[in-house]
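Hi,

Here's the structure I promised to pass on. Have a look first, and my notes follow below.

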Amino acid sequence: MLQVCLNGARTAADSAAATARELLTAVAGAAPGRPVLLHGEDGGAWPVLRLAGELGPATRIGIEDALLLPDGRPPATPNWWLLQRLW
């Protein structure tokens, strides 16, 4: 499985989904048919997770990726709680 991770300069919430789309397009051309895991970090974690939900690649989320909930509040801590907030 190819892992496409947005980190560093690509964590801005307003540009993360567009950057993820660009990377997915590049990956699809370079490795067609390969399974992909898409995830972001920091401000880009939630937009990229939503994009993965729309487009269908595997994804993940955890406190190592996002220390805040989409509304900026700190989470209760367990990873399952983060997922519960998304769905």
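How near do the axes of H1 and H2 come, and at what angle do they cross? They come within 8 Å and cross at roughly 50°, with axes being lines fitted to C-alpha atoms, for helices over the stretch in contact, and angles running from 0 to 180 degrees between N-to-C directions. The contact (heavy atoms within 4.5 Å) is made by Ala16, Ala17, Ala20, Arg21 and Leu24 of H1 and by Pro47, Val48, Leu51, Glu54 and Leu55 of H2.

A word on the source: this is a predicted model, where local features need pLDDT of at least 70, side-chain atom pairs count only at pLDDT 80 or more, and totals for chains, interfaces and linings use all residues. Residues are numbered from 1 along each chain as its sequence is written, and side-chain values use heavy atoms, leaving out hydrogens and water.

H1 covers residues 16-30. Ala16, Thr19, Ala20, Leu24 and Val27 are buried in H1 (under 20% relative accessible area, 1.4 Å probe, protein chains only). Those buried residues fall within an arc of 135° seen down the axis, so they line one face of the helix; the arc is taken from the directions from the helix axis to the C-beta atoms. Turned away from that side are Glu22, Thr25 and Gly29, which are exposed (over 50%).

In H2 (residues 45-55), the buried residues include Trp46, Leu49 and Leu51. Glycine 56 follows H2, with a positive phi near 105°.

Cheers

Notes:
Helices (H or I, at least four residues) and strands (E, at least two) are DSSP runs, numbered from the N terminus. The expected span of a helix is 1.5 Å times one less than its number of residues.
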